[in-house]
Amino acid sequence: GGVHGRDLVLTEVRDDKVANNTAEAKGIVDADEAFAVLPVATLLFTGADTLVEAGVPTYGWTINPEWEGTEENPKENLFGQAGSYLCLGCPQPYPPYVAERSGRTRVGLLAYNVPQSATCAEGWQRSIEKWGGPGGSEVVFTDSSLAYGTTDLSVQVQKMKEAGVDLVMTCMDNNATVTLAKEMKKQDLDAIQLLPNAYNQSFFEEFGDLFEGSYVIIGYAPLETPEDLRPEGLDLYEEWIEETGGKKTENSIVGWLNAAAFVEALELAGPDFDRQKVIDALNQQTDQTAMGMLPGTNWKEYGHWQREPEPCAVYLEIVDGRMTPVEEDEIFTCFDVTGDELVRIDR
């Protein structure tokens with residue numbers, strides 16, 4: 001039905017073919033036909049600065065550090081699905097929580113030899129070092145020199161086996177995690193994986209036997225949410241993804257969350273809106289939830305360049321080839337990360 005009597009029209013779809021993101025972003029800006037850009041889902045978001053300089057409202061999947069701003073350059077027109085500040089190199093609650101929950105203590109880290117991936121691995125390591133927890137988990141192997149697209153991880157798995165690794169944390173794509181899992185099985189390395197970008201049930205239907213007991217982390221209400229906890233936004237997403245013949249994947253969920261944020265910003269900006277008013281409107285919100293699909297994004301204080309002091313996530317364990325939420329009574333698991341101890345909180 002549109003917003004303020006205006007229809008939302010997808011004017012064009014651009015494929016950056018991994019290496020051409022800057023050129024595609026410049027093409028959008030130069031054409032000056034699009035009011036906003038969404039959803040962005042790309043391995044390398046090198047065109048971020050181009051969109052920031054042009055002041056184009058931009059929404060996308062935050063798997064790239066280019067989404068992050070600084071106090072001097074907050075990049076306030078870039079909106080991820082649940083905040084834009086990843087704090088990739090910062091200590092995060094996910095690694096120590098998974099280690100403690102799974103009873104694993106010896107951690108191996110693998111990453112590509114590019115800043116986007118290597119910085120992620122640095123954050124995982126700092127997380128374990130800061131909050132190893134009662135289980136006393138520690139990082140005993142690290143390799144951030146891997147080339148993207150690698151198909152041979154035999155040496156790394158051999159070294160992890162020698163080091164007694166029982167939990168592997170990666171900052172790589174799904175193809176690499178499958179290569180890793182197959183090699184781990186081949187060499188009989190008894191370890192599970194922490195998978196930050198693997199929310200895809202069809203993936204586990206094909207490879208579930210390789211990932212039994214591993215963990216997936218996401219930042220939104222999953223399709224597996226129990227009926228008594230399901231938020232309105234999740235039901236609406238499923239209704240429309242079926243209506244339009246789309247696929248229920250992480251990308252389509254993130255795209256839905258991007259669109260929800262854009263529409264909310266348009267509505268808040270009022271009928272006499274422009275790009276800056278839409279940007280400013282969302283940046284005044286302190287609890288944007290996409291109708292319950294998110295724990296609540298505080299765009300005003302922590303959306304772009306400051307760390308959220310109480311981050312939340314959904315943890316799913318692979319059980320019999322299916323992603324299963326580890327919590328039964330709540331959607332999100334939240335922690336206070338401001339102190340020297342990791343403190344579980346309710347939000």
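**Rules and values**

Trainee: What percentage of the 347 residues in the protein chain is made up by buried residues?

Mentor: Buried residues make up 50%. A residue is called buried when its relative accessible area is under 20%, exposed when it is over 50%, and partly exposed in between, using a 1.4 Å probe and protein chains only. This is a predicted model, in which local features need pLDDT of at least 70 and side-chain atom pairs count only at pLDDT 80 or more, while totals for chains, interfaces and linings use all residues. Residues are numbered from 1 along each chain as its sequence is written, and side-chain values use heavy atoms, with hydrogens and water left out.

Trainee: How do you know whether the radius of gyration agrees with a compact globule?

Mentor: The radius is taken over C-alpha atoms, and the globule rule is 2.2 Å times the number of residues to the power 0.38. For 347 residues the rule gives a value near 20 Å, and the protein chain has 20 Å, so the two agree. Along the principal axes, the C-alpha atoms fill a box of roughly 65 × 45 × 40 Å.

Trainee: How many helices and strands does the protein chain have, and what makes a stretch count as one?

Mentor: A helix is a DSSP run of H or I with at least four residues, a strand is a run of E with at least two, and both are numbered from the N terminus. The protein chain has eleven helices and twelve strands.

Trainee: What share of the contacts joins residues at least 24 apart?

Mentor: Contact means heavy atoms within 4.5 Å. Of the contacts between residues at least 6 apart in sequence, 63% join residues at least 24 apart.

Trainee: Which residues touch Thr50, and is Thr50 buried or exposed?

Mentor: Thr50 sits in helix α2, residues 48–54. Its relative accessible area is 15%, so Thr50 is buried. Apart from neighbours within four places in sequence, Thr50 is in contact with Thr22, Ala25, Lys26 and Val29.

Trainee: Why is Glu267 called partly exposed?

Mentor: Glu267 has 48% relative accessibility, so the term is partly exposed. Glu267 belongs to helix α9 and touches Val3 and His4, not counting residues up to four places away in sequence.

Trainee: What makes a pair of side chains a salt bridge?

Mentor: A side-chain nitrogen of Lys or Arg must lie within 4 Å of a carboxyl oxygen of Asp or Glu. By this rule the count comes to 14 salt bridges.

Trainee: How do you know that Lys277 and Asp272 meet the rule?

Mentor: Their N to O distance is 3.5 Å, and the limit is 4 Å, so the pair is a salt bridge. Lys277, at 34% relative accessibility, therefore counts as partly exposed; Asp272, at 60%, therefore counts as exposed.

Trainee: Which residue forms a salt bridge with Glu238 at 2.7 Å?

Mentor: Lys248, that value being the distance between the closest N and O atoms. Glu238 is in helix α8 (residues 232–243) and Lys248 in the loop between α8 and α9 (250–269), ten residues apart. Glu238 has a relative accessible area of 16%, so Glu238 is buried, while Lys248, at 36%, counts as partly exposed. Glu238 also meets Arg230 in a salt bridge, at 2.2 Å from N to O, and both of these residues are buried. Arg230, Asp235, Glu238, Glu242 and Lys248 are linked in a network of salt bridges.

Trainee: What makes a phi value or a peptide bond worth noting?

Mentor: Most residues other than glycine have a negative phi, and most peptide bonds are trans. Cys87 has a phi near 55 degrees, a positive value. Cys87 lies in the loop between β3 (78–80) and α3 (94–102), and its relative accessible area of 5% makes Cys87 buried. Ala290 has a positive phi too, near 50 degrees, and is placed in the loop between α10 (275–282) and α11 (299–302). The relative accessible area of Ala290 is 5%, so Ala290 is buried.

Trainee: Is the peptide bond from Leu38 to Pro39 cis or trans?

Mentor: The bond is cis, with omega near -10 degrees. Pro39 is in strand β1, residues 37–40.
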